[in-house]
Amino acid sequence: MSSAKAGINMVSFHPDSRFLTDFASGSLATSEAICVAAHLEFCAKCRAHVQQLSDLGAQIMTRIEPEEAVDADDEGFARLMQKIDDDAVHQQAEVPAPVVSAAPAQGLSLPRVVQKLAQGSIQSLNWVQLGKSLRIAPVNVGDGVRQTSLYDIRAGGQMPEHEHRGEEITVLLKGSFSDAEGKYVRGDFVVRHAGEKHQPTATMDTDCICLVSLERPVKPSSIWYRLLEPFVQFRLSGFSN
């Protein structure tokens with residue numbers, strides 16, 4: 001309980017309104033929704049925002065006659081309302097409790113959505129070792145567009161410098177890392193876009209574990225890593241659970 005509260009106080013990077021609105025309406029892609037759900041367990045501010053959006057959607061639905069919703073010119077708005085009224089979407093938009101239970105094997109508190117993906121223990125995932133400092137566990141979430149993975153960077157370890165070819169969402173689950181843009185801690189929701197280049201380095205005190213949703217594979221800056229890239233992608237694609 002105390003560690004979870006500490007994480008809430010330290011969170012500095014949050015999903016923007018687009019992520020939260022789409023999450024509340026149930027229209028966010030699965031891989032992105034998983035990242036938002038994980039962040040919400042660390043962030044009371046965003047949980048309250050999602051709850052407000054869900055309440056607003058429910059209020060609007062009660063004031064709209066069914067035929068008016070169907071005839072609305074704004075199809076996107078109509079779809080949003082229909083999804084909010086769907087039981088499954090209500091379940092997704094339900095604000096999770098801030099307390100997360102521990103994974104006994106390593107004493108790491110995981111968001112419930114990550115526990116579900118890992119079936120309780122992240123050590124049971126199919127980890128692929130990439131160099132001395134980084135290992136990646138791809139997770140199949142049924143999203144055919146984006147790749148969802150857990151990254152484990154050894155304490156003090158540095159990832160190869162790379163450029164993003166598409167959007168990347170990172171939610172820190174344990175430890176912290178830094179790059180030229182700043183330092184990121186447990187619960188932070190960090191978004192990188194195509195064309196951005198950086199080199200994350202885990203802090204020295206503990207290993208850094210992240211939940212990552214990747215729109216497209218990254219482009220390593222080093223020629224050496226570029227040569228290895230096809231092999232790395234082949235290995236990762238073969239290890240999704």
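Trainee: Let's start with Thr203. Buried or exposed?
Mentor: Thr203 is buried, at a relative accessible area of 17%. Bear in mind that this is a predicted model.

Trainee: Why does 17% count as buried?
Mentor: The cut-off for buried is under 20% relative accessible area. Thr203 has 17%, so it counts as buried.

Trainee: Where is Thr203 found?
Mentor: In the loop between strand S12 (201-202) and S13.

Trainee: And what is Thr203 in contact with, leaving aside its neighbours within four places in sequence?
Mentor: Ala155, Gly156, Ser176, Phe177 and Lys183.

Trainee: Which side chain does Thr203 join in a polar contact?
Mentor: That of Asp205. The two side chains make a polar contact of 2.8 Å.

Trainee: What volume does the largest cavity have?
Mentor: About 110 Å³. It has 15 lining residues, and those closest to its centre are Met159, Glu168, Thr170, Phe177 and Pro200.

Trainee: How do the lining residues divide into nonpolar, polar and charged?
Mentor: Nine are nonpolar, three polar and three charged.

Trainee: Which strands each supply at least two residues of that lining?
Mentor: Strand S5 (147-153), strand S7 (168-174), strand S8 (177-179), strand S10 (189-192) and strand S13 (208-214).

Trainee: Buried or exposed, for Val185?
Mentor: Buried, with 13% relative accessible area.

Trainee: What does Val185 touch, not counting residues up to four places away in sequence?
Mentor: Met10, Leu172, Gly175 and Ser176.

Trainee: How many residues apart in sequence are Val185 and Val11?
Mentor: They are 174 residues apart in sequence. In space, their C-alpha atoms are 6.7 Å apart.

Trainee: Now helices. Why is helix H3 largely enclosed by the rest of the structure?
Mentor: H3 covers residues 30-40, and ten of its eleven residues are buried, so the rest of the structure largely encloses it. Among the buried ones are Ser31, Glu32, Cys35 and His39.

Trainee: Which residues of helix H2 are buried?
Mentor: H2 runs over residues 17-25. Its buried residues are Phe19, Leu20, Phe23, Ala24 and Ser25.

Trainee: What caps the N-terminal end of H2?
Mentor: Asp16 does. One of its side-chain oxygens lies 3.1 Å from the backbone nitrogen of Arg18.

Trainee: In which sense do S3 and S4 pair, parallel or antiparallel?
Mentor: Antiparallel, over three bridges. S3 covers residues 128-130. Gln129 stands opposite Arg135 in S4.

Trainee: How many residues lie between the strands in the hairpin of S3 and S4?
Mentor: Three. In that hairpin, Gly131 takes a positive phi near 80°.

Trainee: Over how many bridges do S4 and S5 pair?
Mentor: Six, in the antiparallel sense. There, Ile136 stands opposite Tyr151 in S5.

Trainee: Last topic. What order has the open sheet of three strands?
Mentor: S11-S6-S14, with antiparallel pairing. Strand S11 (197-198) and strand S14 (219-220) are the edge strands, and each pairs on one side only.

Trainee: How many bridges join S6 to S11?
Mentor: Two. S6 covers residues 162-163. His162 has His198 in S11 as its bridge partner.

Conventions:
Residues numbered from 1 in each chain as written. Predicted model: local features only at pLDDT ≥ 70, side-chain atom pairs only at ≥ 80, totals over all residues. Heavy atoms only, no water. Buried < 20%, exposed > 50% of the residue type's maximum accessible area, 1.4 Å probe, protein only. Helix = DSSP H or I, 4+ residues; strand = E, 2+ residues; numbered from the N terminus. 1 Å grid on protein atoms, 1.4 Å probe; cavity = no way out; pocket = protein on both sides within 12 Å on 5 of 7 lines; lining within 4 Å. Points joined across faces, edges and corners; volume = space filled by probe spheres on them. Nonpolar A, V, L, I, M, F, W, Y, C, P; charged D, E, K, R; others polar. Polar contact = N/O pair within 3.5 Å; in protein donor to acceptor, adjacent residues only side chain to side chain. Contact = heavy atoms within 4.5 Å. Pairing = 2+ DSSP bridges.
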